[in-house]
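Take a walk through the structure below. Start with one chain, cross to its partner, then go inside.

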Amino acid sequence: MTDAYVVGVDMIKFGRFPEKTVPQIGSEAILMALDDCGLTIHDMQALYCGNLGQASGMVGQRILHEIGQTGIAVVNVANACATGATAFREAWTAVKAGLYDCVLAVGVEQMGKGLLGGAGGGSGISKEGLLGSGTMPAVFAEAGMEHANKYGTTFEQFAKVSVKNHHHSTMNPKAMYQIETPLETVMNSEMISYPNTKLMCSVNVDGSAAAVICSEKKTKELGLMNRAIKVRASILTSDPWQERDLVMPDVNSCTRKAAKEAYEMAGLGAEDIDLVELHDCFATAEILHYDNLGLCEDGGAGRLIDDGDVALGGRIPVNVSGGLLSKGHPLGATGIANIYEVSTHLRGEAGGRQVEGARIGLTHVIGLGSACGIHILEKVS
Amino acid sequence: MSDQPLPVVDYMKIPDDGDPYLEGHKCGKCDAIYLGERSICSKCGVRDQMGTTKLSTQGNLYSYAIVHRSFPGIEVPYISAVVDLDDGATLKGNLINVDPDPEKIEFGMPIEVIFADALGRKDSDGNSYLSYFFQPRS
């Protein structure tokens with residue numbers, strides 16, 4: 001099987017664009033990714049489009065109606081917050097299989113403000129606030145407090161994740177926010193669901209990101225190998241059975257399974273990874289994934305954030321983009337935006353937030369319900 | 001409209017002559033316990049070996065969140081709790097009769113399941129509901 005390479009990749013600056021349509025927002029990132037590698041829509045053999053909010057709305061085709069109706073195959077995918085990673089993986093799969101040698105993946109989302117989730121539905125009465133909470137901040141608070149129960153992780157340690165990621169975003173012009181949030185500010189901001197304060201919840205934004213993926217032969221033919229990013233591993237998992245599944249959506253076991261399989265596919269270990277973009281939809285979630293991705297021994301996550309190992313300049317920088325907490329989380333776009341971030345570092349083009357000497361990076365997303373997508377990327381030359 | 005309160009979830013049973021209880025469905029092959037009726041076990045995949053079991057009302061606190069912001073009309077703060085029951089099932093619900101303060105909540109604290117009116121909530125037909133809650137076991 002051929003190797004697959006990201007030859008062009010980009011994202012728009014995340015923000016709020018109520019005046020635009022979803023296809024318009026998606027088109028922007030595609031044009032930027034095409035410009036990144038000097039190709040056009042006429043060079044693309046298929047489009048894999050990830051979007052959640054209009055999952056039945058043929059967003060991929062509507063994008064082509066904006067930028068070029070070339071008649072290529074379009075696949076629209078939805079997989080909760082793993083939607084973008086799933087679209088990327090479908091594109092990768094097609095290239096690996098030899099079906100195509102040059103394809104596009106795009107993730108796009110337009111979001112409202114406010115709480116996501118909520119218990120109940122169905123007939124009868126609302127169960128929210130009666131049988132606990134199904135709001136996302138509460139669900140991820142419970143996931144974090146499970147870690148606190150097992151390992152003694154503290155509110156302050158969870159809050160430090162948000163301090164770190166907001167600090168990182170001050171160096172990322174494409175992040176929604178570029179503001180420092182000191183520890184006291186994070187801990188004293190409005191409590192949403194203890195231990196997640198408002199500044200420990202990801203930002204609902206509009207955004208898009210896109211990637212052009214080519215086979216090895218095509219990458220060489222096009223003369224694009226010098227900036228190409230090799231996909232060393234692409235893994236997608238669902239949640240294996242766990243005893244508390246029915247009441248606690250499980251983001252841990254699907255991540256552990258995906259990480260194990262991704263390291264095996266890449267022939268690498270966690271110690272070989274130079275930077276990580278992981279799914280910090282809430283500050284509590286980031287802590288869990290230090291353990292889940294093997295960045296430390298189980299239970300070592302609190303110490304990792306305390307010691308600064310996961311900050312820019314540390315042993316294994318995590319979410320130098322600002323993460324979902326400050327860069328923003330346009331659900332369907334997130335899984336390709338983090339591929340853009342890692343690729344930019346591997347190319348040495350990340351400016352003030354550059355992870356020095358980065359050669360191999362890992363991206364991770366979770367779709368609650370659950371799906372986990374992990375990609376391991378490498379700059380070859 | 002029913003003149004008796006209705007069960008808040010389909011796995012709550014309210015017998016005519018006896019106390020309400022929660023019903024689990026237990027796999028006859030691997031003992032996995034589910035809330036709500038089903039015929040296939042998603043742990044081991046076996047078909048048609050589910051039996052009903054009356055869930056324990058005793059358990060221990062496994063995890064929680066203290067909810068300060070919810071949807072409009074939902075009274076806050078409250079404790080959203082995950083409780084491991086003694087028989088191996090896990091339930092989620094409101095933990096009551098404890099201050100919504102992390103200092104007052106201990107992992108592993110003994111919990112009992114109680115049944116009470118669903119905070120006055122009624123459906124569009126005016127039916128009232130019986131819910132379950134967690135409270136500390138004394």
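Helices (H or I, at least four residues) and strands (E, at least two) are DSSP runs, numbered from the N terminus. By that rule, chain B reads β-β-β-β-β-β-β-β-β-β along its sequence. That makes 10 strands and 0 helices. This is a predicted model: local features need pLDDT of at least 70, side-chain atom pairs count only at pLDDT 80 or more, and totals for chains, interfaces and linings use all residues. Residues are numbered from 1 along each chain as its sequence is written, while chains are lettered from A and ligands numbered from 1 in the order in which they are written.

Stay with chain B. Its C-alpha atoms fill a box of roughly 40 × 40 × 30 Å along the principal axes. Of its 138 residues, 31% are buried. Buried means 20 or more other C-beta atoms within 10 Å of the residue's own; 12 or fewer is exposed, and in between is partly exposed, with C-beta atoms placed from the backbone. Contacts are pairs whose C-beta atoms, placed from the backbone, lie within 7 Å. Among contacts in chain B with a separation of 6 or more, 48% join residues 24 or more positions apart.

Now cross to chain A. The contact between the chains takes 28 residues from chain A and 35 residues from chain B. On the chain A side, helix H4 (136-151) and strand E5 (191-194) each supply at least two residues. H4(A) gives the most, with 6 residues. E5(A) pairs with strand E6 (residues 58-67) of chain B in the antiparallel sense, over 2 bridges. Pairing requires that DSSP find at least two bridges between the strands. In E6(B), Val67(B) is the bridge partner of Ser193(A).

Next, go into chain A. Which strand holds Val108(A)? Val108(A) sits in strand E4 (residues 102-109) of chain A. Val108(A) counts as buried because 36 C-beta neighbours lie inside 10 Å. Leaving out residues up to four places away in sequence, Val108(A) touches several residues, including Val22(A), Asn51(A), Ser208(A) and Gly332(A). Val365(A) is 257 residues away along the chain, with 15 Å between its C-alpha atom and that of Val108(A).

Finish with two helices. The axes of H3 (residues 83-96) and H12 (residues 334-346), both of chain A, come within 5 Å and cross at roughly 70°. H3(A) and H12(A) are therefore roughly perpendicular, a label for angles of 65 to 115 degrees. Their contact includes Phe88(A) of H3(A) and Ile339(A) of H12(A).

How values were computed: Axes are lines fitted to C-alpha atoms, for helices over the stretch in contact, and angles run from 0 to 180 degrees between N-to-C directions. Angles under 35 degrees count as roughly parallel, over 145 as roughly antiparallel, 65 to 115 as roughly perpendicular and the rest as oblique. Two residues are in contact if their C-beta atoms, placed from the backbone, lie within 7 Å.
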